[in-house]
Amino acid sequence: MTNAASPLENMTQTLLQCQRGDASTAHLARAWRLAAAQLPLPPRYGEVLHGLLDRMESGALFTEESCSFSQKDQLQALQTWLDKARDQLQRQGTPEALAGHNTPAP
């Protein structure tokens with residue numbers, strides 16, 4: 001993550017890195033928690049995100065995909081959260097939503 005990038009851009013880049021296998025789920029969770037703390041979102045967004053990240057970290061304990069923890073599904077859930085957070089910030093007129101508006105391809 002670079003300091004010059006917006007929190008949403010940092011989150012997008014970290015998600016892409018994790019999807020490519022270039023970053024661990026532990027790195028993703030740490031980076032997302034830090035970046036999300038900088039976003040002026042309603043409290044429910046934080047609650048949902050922390051639940052997703054907790055599941056992602058728990059799923060990392062398994063070496064393979066299991067019926068309970070699919071990393072692909074968890075990454076898709078994080079992408080959905082990111083899209084909704086960006087939409088919410090745009091509705092609020094928050095500048096962070098305008099930076100890094102490109103979303104990663106599934």
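**Helix packing in a predicted model**

Student: Where does Ala36 lie?
Tutor: This is a predicted model. In it, Ala36 touches Met11 and Leu49, leaving out residues up to four places away in sequence. The element that holds Ala36 is helix 2.

Student: Is Ala36 buried or exposed?
Tutor: The cut-off for buried is under 20% relative accessible area. Ala36 has a relative accessible area of 18%, so Ala36 is buried.

Student: How far apart are the C-alpha atoms of Ala36 and Gly46?
Tutor: Along the chain, Ala36 and Gly46 are 10 residues apart.

Student: How are helix 2 and helix 3 oriented to each other, parallel or antiparallel?
Tutor: The axes of helix 2 (residues 25–36) and helix 3 (residues 43–59) come within 9 Å and cross at roughly 165°. Angles over 145 degrees count as roughly antiparallel. Helix 2 and helix 3 are therefore roughly antiparallel.

Student: Which residues of helix 3 meet helix 2, and how do the residues of the contact divide by class?
Tutor: From helix 2 come Thr25, Leu28, Ala29, Trp32, Arg33 and Ala36, and they meet Leu49, His50, Leu53, Asp54, Met56 and Glu57 in helix 3. By class, the residues of this contact are 7 nonpolar, 2 polar and 3 charged.

Student: Which residues does Arg33 touch, not counting residues up to four places away in sequence?
Tutor: Arg33 is in helix 2, and at 24% relative accessibility it counts as partly exposed. Arg33 and His50 are 17 residues apart in sequence, with 7.6 Å from C-alpha to C-alpha. The residues that Arg33 touches are His50, Leu53, Asp54 and Glu57.

Student: What is the relative accessibility of His50?
Tutor: His50 lies in helix 3. His50 counts as partly exposed because its relative accessibility is 34%.

Student: How is helix 2 oriented to helix 4, parallel or antiparallel?
Tutor: The axes of helix 2 and helix 4 come within 13 Å and cross at roughly 15°. Angles under 35 degrees count as roughly parallel. Helix 2 is therefore, relative to helix 4, roughly parallel.

Student: How many charged residues are in the contact of helix 2 with helix 4?
Tutor: Thr25, Leu28 and Trp32 in helix 2 meet Gln71, Leu75, Leu78, Trp81 and Leu82 in helix 4. These residues divide into 6 nonpolar and 2 polar, and the number of charged residues is none.

Student: What is the handedness of the crossing of helix 1 and helix 4?
Tutor: The axes of helix 1 (residues 7–20) and helix 4 come within 11 Å and cross at roughly 165°. That makes helix 1 roughly antiparallel to helix 4. The crossing of these helices is left-handed.

Student: How many residues of each class does the contact of helix 1 with helix 4 have?
Tutor: Leu8, Met11, Thr12, Leu15, Cys18 and Gln19 in helix 1 meet residues of helix 4 including Leu75, Gln79, Arg86 and Leu89. By class, the contact has 9 nonpolar, 4 polar and 1 charged.

Student: Is Leu75 buried or exposed?
Tutor: Leu75 is in helix 4 (residues 71–92). Leaving aside neighbours within four places in sequence, Leu75 is in contact with Leu15, Cys18, Gln19, Leu28 and Met56. Its C-alpha is separated by 9.4 Å from that of Leu16, 59 residues apart along the chain. At 7% relative accessibility, Leu75 counts as buried.

Student: What share of the contacts with a separation of 6 or more comes from residues 24 or more positions apart?
Tutor: Buried residues make up 40% of the 106 residues in the chain. The chain exposes about 6200 Å², and carbon and sulfur atoms supply 53% of that area. For the contacts with a separation of 6 or more, the share from residues 24 or more positions apart is 65%.

Technical notes. Residues are numbered from 1 along each chain as its sequence is written. This is a predicted model: local features need pLDDT of at least 70, side-chain atom pairs count only at pLDDT 80 or more; totals for chains, interfaces and linings use all residues. Side-chain values use heavy atoms; hydrogens and water are left out. Axes are lines fitted to C-alpha atoms, for helices over the stretch in contact, and angles run from 0 to 180 degrees between N-to-C directions. Helices (H or I, at least four residues) and strands (E, at least two) are DSSP runs, numbered from the N terminus. Angles under 35 degrees count as roughly parallel, over 145 as roughly antiparallel, 65 to 115 as roughly perpendicular and the rest as oblique. Contact means heavy atoms within 4.5 Å. Ala, Val, Leu, Ile, Met, Phe, Trp, Tyr, Cys and Pro count as nonpolar, Asp, Glu, Lys and Arg as charged, and the others, Gly among them, as polar. Buried means under 20% relative accessible area, exposed over 50%, partly exposed in between (1.4 Å probe, protein chains only). Accessible areas come from the Shrake-Rupley method with a 1.4 Å probe; for residues, only the protein chains shown count as cover. A crossing is left-handed if the near helix is turned anticlockwise from the far one by less than a right angle, and right-handed if clockwise.
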